[in-house]
Every structure is written in C-alpha cells, then in structure tokens.
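Dear colleague,

Please find below the structure that I am handing over to you. My findings follow it, arranged by topic.

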Amino acid sequence: MQHYSEVTTLDYLKRYYAPASTGNFSVGFDLLGAAFEPLNAELFGDVLDILGEQAELSLDIVGRYVHQLPRNSADNLVLSCYYAFEQKLGRTLPRLALRLHKNLPVGSGLGSSACSIVVALYAFNDYFGQPLSQTELLQLMAQAEGGVSGSVHYDNVAPSYLGGLQLMLPQSSTICRSLPWFEHWRVVLSYPGTVLSTKAARAVLPKQLGLAHGIAFAGMLSRFVSAMYAKDEADAAAALQDLIAEPARTVLLPELPTLRAALAEQGILHLGISGAGPTLFALCRSDAEAQLAADYLSRHYEKNQDAITQICRLSLAGARAL
Ligand SMILES: Nc1ncnc2c1ncn2[C@@H]1O[C@H](COP(=O)(O)OP(=O)(O)OP(=O)(O)O)[C@@H](O)[C@H]1O
Ligand SMILES: N[C@@H](CCO)C(=O)O
C-alpha cells in the first residue's frame, strides 16, 4: 500500500487541485474562511492524480512536504476519504492508483488536512460521475476534517472546495455563503516552517465565554460582514479582531504582537493568525504593499527550510480538475 517514490511522469488519467485556505480570517472563529492562490500562478495547494484502475487501492505521495506526513500511506487522509466516500455511496467502487502531490505543509494553519480531504473527495465524486450533491460532499469533507482536528468545523473545507470568502451558516441547509471581497486586496501567507497541530491549538481555547464576550464576538463579525457588503474597506479592516482564539493562542505564537506592530507602522492593514497557526496572514491593499509585507515576514518570521511566504489573491474557483 505505501509507495513514497518521487514519481514525476505525467501519466495520469485525471488531475485535481484544491487551494490553501485561511480559517477564521481573524474575526470569524470557526465561521469564516477564505481560499487563496499565489499571484505567481504556483499551485499552492494539494494535487491528486488518478493514474488508473487496478486490483488494489494504492497511493504514491510526492511533493515538498511529503516528509511531514505519516510514513505509512495507509494512514493518509486521501485513502480514508476513499473509504468514507465508498461507504456513503453504499457500494463497492473500482480500486484506483492515486498520486498525491503534498504541496501544503502539515499542521501549518493553511488548511493542509482540509486541502487533501477536499481534493480527494472532489476527485472521487468527479471521477465516479458526481453521485453526491455539493451539500453531501461538503458534509462528508467536514466530517473527515472533524476526525483530524477533534471537532467539525467548515472554515477550511468550505473555501477550499467552493473558493472565495465563505461565511458558515449554522443550522442552515445552505451550510455556507460566499461574501463580497475587495478585488485589490492581497493576502501574504507566511509559514515559519514549524508545526502546530490544530488539536493542540484548540486545546488552549476557552471552554466557555461570558455574555459580554459572546455579544462582542457576534457584534464584531456582524460589523465585518456588513462592512464587506457596504464596500467600507476601512471599517472591514478595523473589524478584523479575533476575540476568541488569538488571546488564548498568542502564547503559542509569541512573535505576533511585535510583527503586527512593525507591519502596521508600514501601513499594512492587518496581520492575523491563519487558522490555528503558526502561519500568519497579512492583509494588504496593493501588490506593492504585499511585496513589502512578504519581504518583512520572510526575513523576520521564517525559521527553517520548510518555511514559505506567498503573495496571494482570493481563489475564486476553489477545487477543480486541472
Ligand atoms: N494528506 C494529508 N494531509 C495533511 N495531513 C494528513 C494527511 N494525511 C494524514 N494527515 C495527518 O492529519 C493530521 C493533520 O493535522 P492538523 O489538522 O493539525 O494539520 P493541518 O490540517 O495541516 O492544520 P491546519 O488546518 O491548521 O493547516 C496530521 O496528524 C497528519 O499527519
Ligand atoms: N477554525 C479552526 C481552523 C483550523 O485551521 C481553528 O482555529 O481551530
């Protein structure tokens, strides 16, 4: 079952891609998330190749971050997604030869597990003739993500699958809706190269919120959503305040306050935690500002050879066949 060879030949039947995503987007803990792709057109997200059908299911894994994954490919989310998909359909499916290009670092805050889950389930559904609806597929993606992080949250799987800036709609059959975005906004994603598991970053969260705190959180998220619809950029940026996760997680990301102050001095709109961290995202108003933020974060936040800083735009397309 496990093949970790560096296969590079383009011998696939079908190739699929899902983009990186930033959960929370500071103001919407577990309720807001956005998909991003680099301006330089690099594929900053996982790619899954379907190589063909065969007697047994198999998975090759290649790519920059293959070394951060479990050694045994049987433990890979791509294969657990295949079985979950088969179980959901209630029938046995032909076995596939698969190849995952692991382009996103694991435990990074870039929605790495969500990205593999989304690309895999999107691929299986497409390859087998789209038996599941968009909603069924999204629910299956969220269940798989919940199995990894310890709780079901849609803020990575929804944007990575559907693209854009997605607001989750609790208890609605719609699940999530796309919000407006400022086309000139750029987001710099800076991953320092160190791993922080989502489970560990969720373990430090408060178990309860007081009434005033709950109202402040709901109010700030409402302010952000309303400002986006009103096209009030300054108010939207001012509302990017994380009142739930950041106060508890700053201990895990001690550089954040200093980096934020330095970037604010240079006119950058906002610096926040991407998902559960340690990736940080800088919100910028132009390519020039984004370049400045990227240079600064590369110099002051990257810690080792796994680190990466990317200047991105919103990914409107989300998951797709390439
Ligand atoms: N294809 C895969 N991609 C990512 N993680 C995988 C994959 N297959 C198995 N895993 C395991 O799933 C877990 C993912 O952990 P975690 O949710 O903390 O990472 P993450 O999704 O990268 O985090 P984040 O959402 O903050 O980017 C790890 O234990 C990892 O080994
Ligand atoms: N909303 C999730 C995102 C994880 O990437 C969290 O902050 O724990």
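**The annotated C-terminal span**

An unreviewed UniProt entry places the feature "domain: GHMP kinase C-terminal" at residues 226-302. Please bear in mind throughout that this is a predicted model. The span 226-302 is 51% helix and 12% strand, and its end C-alpha atoms are 35 Å apart.

Helix H10 (residues 287-300) contains Ala293. This residue is buried, because 29 other C-beta atoms lie within 10 Å. With neighbours within four places in sequence left aside, Ala293 is in contact with Val188, Leu263, Ile268, Ala282 and Cys284. Ala293 and Ala262 are separated by 31 residues in sequence, and the distance between them in space is 9.7 Å, C-alpha to C-alpha.

The domain assignment divides the chain into domain 1 (2-179) and domain 2 (186-314). Their C-alpha centres lie 23 Å apart. Across the boundary, 32 residues of domain 1 are in contact with 36 residues of domain 2. On the side of domain 1 that touches domain 2, strand E2 (14-23), strand E3 (32-38) and strand E7 (165-168) each supply at least two residues. E3 provides the largest share of that side, five residues. By class, this side of domain 1 divides into 16 nonpolar residues, 15 polar residues and one charged residue.

**The largest nonpolar core**

The largest nonpolar core has 90 residues, and those that touch the most other members are Val118, Val119, Ala120, Leu121, Met141, Val188 and Ala282. Helix H2 contributes the largest share of this core, ten residues. The core lies between domain 1 (2-179) and domain 2 (186-314), because both give residues to it. As background, nonpolar side chains tend to be buried together in soluble globular proteins.

Leu121 is one of the core members that touch the most others. Apart from its neighbours within four places in sequence, Leu121 is in contact with Cys81, Phe85, Leu137, Leu140 and Met141. Two residues already named as contacts of Ala293, Val188 and Ala282, are also listed among the core members that touch the most others.

**The annotated binding site**

UniProt, again in an unreviewed entry, places the feature "binding site" at Pro105, Val106, Gly107, Ser108, Gly109, Leu110, Gly111, Ser112, Ser113, Ala114 and Cys115. Two of these residues are described here.

Ser108 is located in the loop between strand E6 (95-101) and helix H2 (112-127). It counts as buried because it has 28 C-beta neighbours inside 10 Å. When residues up to four places away in sequence are not counted, Ser108 touches Tyr191 and Thr279.

Ser112 belongs to helix H2. With 29 other C-beta atoms within 10 Å, Ser112 is therefore buried. Its contacts, not counting residues up to four places away in sequence, are Leu104, Pro105 and Val106.

**Ligand 1**

There are 22 residues around ligand 1, and Ser112, Ser113, Ser116, Ser197 and Thr198 come nearest. Helix H1 (77-89), H2 and helix H3 (134-149) each supply at least two residues of the shell, and H2 gives the most, with four residues. Sorted by class, the shell around ligand 1 has nine nonpolar, 13 polar and no charged residues. Each of domain 1 (2-179) and domain 2 (186-314) provides at least three residues of this shell.

**Ligand 2**

The shell around ligand 2 consists of 15 residues, the closest being Gly23, Asp30, Thr198, Gly275 and Ala276. Helix H5 (residues 198-203) supplies the largest share of the shell around ligand 2, three residues. The classes in this shell are four nonpolar, eight polar and three charged residues.

Yours sincerely

Technical notes
Residues numbered from 1 in each chain as written. Chains lettered and ligands numbered in written order. Predicted model: local features only at pLDDT ≥ 70, side-chain atom pairs only at ≥ 80, totals over all residues. Near = placed C-beta within 6 Å. Nonpolar A, V, L, I, M, F, W, Y, C, P; charged D, E, K, R; others polar. UniProt positions renumbered as here; feature names shortened; annotations may be inferred. Buried ≥ 20, exposed ≤ 12 C-beta atoms within 10 Å, placed from the backbone. Contact = placed C-beta atoms within 7 Å. Domains from an automatic or database assignment. Core = buried A, V, L, I, M, F, W, Y, C linked by C-beta atoms within 7 Å.
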